[in-house]
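Here is a short briefing on one protein chain. Please look over the sequence and the model before reading on.

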Amino acid sequence: MPKSTANDRTDTPAVALGPIALVLGTVSALGAWTPALALGLLAWAIIAGGLAVTFGAAGILYARHGTGRLWTAVAGSILGTIGLAGVIFWLLAVS
C-alpha cells in the first residue's frame, strides 16, 4: 500500500524561514564586521541583513504557531540586526 500524501504540519515553506534567516544573517554579520570582507560584501550585507530580519520575524511568528523552529529564526534575526548595525556603523564612519 502506498504512503499517504496528506499534508503534515512540517510540510510547509514556513519551516524554511528560520534557516534562511540564519544563513542570511551570518552573511550580513560577516560582511559588515570582518574588515577584509567589508568592502566587497557591504552591499550584500545590507540586502542580506534586511532579508534576515524580515524572514526571521516571519519565522518567529510561524514558530509560535507550531511550525518551524524558534531558535533559528531568533538567531537569524539577531545576526541580521548585527549586520545592519555594522553597515550603519561603516557608513557613518566613512562619511
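The notes below cover fold, helix packing, overall shape and surface.

This is a predicted model: local features need pLDDT of at least 70, side-chain atom pairs count only at pLDDT 80 or more, and totals for chains, interfaces and linings use all residues. Residues are numbered from 1 along each chain as its sequence is written, and side-chain values use heavy atoms, without hydrogens or water.

**Fold**
- The protein chain has 3 helices and 0 strands (DSSP runs: H or I of at least four residues for helices, E of at least two for strands, numbered from the N terminus).
- From the N terminus, the order of elements is α-α-α.

**Helix packing**
- Helix H2 (residues 35-64) packs on helix H3 (residues 70-94) at about 145 degrees, with axes 7 Å apart (axes are fitted to C-alpha atoms over the stretch in contact, and angles run from 0 to 180 degrees between N-to-C directions).
- The contact of H2 with H3 comprises 16 nonpolar, 8 polar and no charged residues (Ala, Val, Leu, Ile, Met, Phe, Trp, Tyr, Cys and Pro are nonpolar; Asp, Glu, Lys and Arg are charged; the others, Gly among them, are polar).

**Overall shape**
- The C-alpha atoms fill a box of roughly 65 × 25 × 15 Å along the principal axes.

**Burial and surface**
- Of the 95 residues, 29% count as buried (under 20% relative accessible area, 1.4 Å probe, protein chains only).
- The chain exposes about 6,200 Å², and carbon and sulfur atoms supply 74% of it (Shrake-Rupley method, 1.4 Å probe).

Technical notes:
Buried means under 20% relative accessible area, exposed over 50%, partly exposed in between (1.4 Å probe, protein chains only).
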